[in-house]
Amino acid sequence: MSEVCFRTVQSDEDVALLDKALRCLSADLGDEHIAGRDALTTALRGACPSAHGIVALEGAALCGAVLFSPVFSTVRGAPGLYVSDLWVSDEARGMGLGPRLLASAARRAGQLWAANWLTLAVYHTSPRSRRFYERLGFKADTGASVMKLSAEGLGQLMRDAG
């Protein structure tokens, strides 16, 4: 692998590259991919960005991407980053690009909101991914469960609770 360039997602071209990477990740995981470029643009470049992205390029070829967001923990007493998506192309796997993308996201989050810890979720159906994260020192949080409320459920909650 020759020189890889890490670029913060800012331009329309960058959003298109990130969208392509996230679509590849969804296909790899067998996930439905709903977010399009408009949603990504709003999340990444809106008045109050809810996400940040970095793409990895080898020349003009997209070889990886990471999408992350700010999070705050009262238990840790500090801001962190939540990595929602990490993708490395088949051709670039095994060459250390995943850790480099995570480190780039951590540095960027440190600059933007003083993040000093990282969290992410790993699918139970992806033991390969889990082994990758464990090799980097990640530990499973066995004392908590990820719980989600859909858009419909959130709307119902807001209506019901006033």
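**Close-up views of a predicted model**

**View 1. Ile54 has its bridge partner, Val66, in strand 3.** This is a predicted model. Strand 2 covers residues 52–58. Strand 2 and strand 3 pair in the antiparallel sense, over 7 bridges. The two strands form a hairpin, with 2 residues between them. Look for Gly59 in the turn: its phi is positive, at about 65 degrees.

**View 2. Strand 3 also pairs with strand 4.** Strand 4 spans residues 78–88. The two strands run antiparallel, and 10 bridges join them. Find Ala65: it stands opposite Trp87 in strand 4. Strand 3 and strand 4 form a hairpin too, with 4 residues between the strands. Here Gly77 takes a positive phi, near 65 degrees.

**View 3. Phe68 and Trp113 form a tilted aromatic pair.** A search of the whole structure finds 3 aromatic pairs. In this one, the ring centres of Phe68 and Trp113 are 6.3 Å apart. Their planes meet at 40 degrees, so the pair is tilted. A plane angle over 60 degrees would count as edge-to-face, and one under 30 as stacked. The pair links distant parts of the chain, 45 residues apart. Phe68 belongs to strand 3 (residues 61–73), while Trp113 belongs to helix 3 (residues 97–113). Are these two residues, Phe68 and Trp113, buried or exposed? Both Phe68 and Trp113 are buried.

**View 4. Tyr133 and Phe138 meet edge-to-face.** The ring centres of Tyr133 and Phe138 lie 5.3 Å apart. Their planes are at 70 degrees, so this pair is edge-to-face. Tyr133 has 10% relative accessibility, so Tyr133 counts as buried. Phe138 has 22% relative accessibility, so Phe138 counts as partly exposed. The cut-off for buried is under 20%.

**View 5. Arg76 lies over the face of Trp117.** What is the distance of Arg76 from the ring centre of Trp117? Arg76 is at 4.1 Å from that centre.

**View 6. Four residues make a nonpolar surface patch: Leu149, Leu154, Leu157 and Met158.** The patch has an area of about 400 Å². One of its members, Leu154, lies in helix 5, which spans residues 151–161. Leu154 has a relative accessible area of 40%, so Leu154 is partly exposed.

Terms used. Residues numbered from 1 in each chain as written. Predicted model: local features only at pLDDT ≥ 70, side-chain atom pairs only at ≥ 80, totals over all residues. Heavy atoms only, no water. Phe/Tyr/Trp six-rings, centres within 6.5 Å; stacked < 30°, edge-to-face > 60°. Buried < 20%, exposed > 50% of the residue type's maximum accessible area, 1.4 Å probe, protein only. Lys NZ or Arg CZ within 6 Å of the ring centre and 35° of its normal. Pairing = 2+ DSSP bridges. Patch = residues over 30% accessible without salt bridge, like charges linked within 9 Å, V, L, I, M, F, W, Y side chains within 5 Å. Areas by Shrake-Rupley, 256 points an atom, 1.4 Å probe, with all protein chains shown as cover. Salt bridge = Lys/Arg side-chain N within 4 Å of Asp/Glu carboxyl O.
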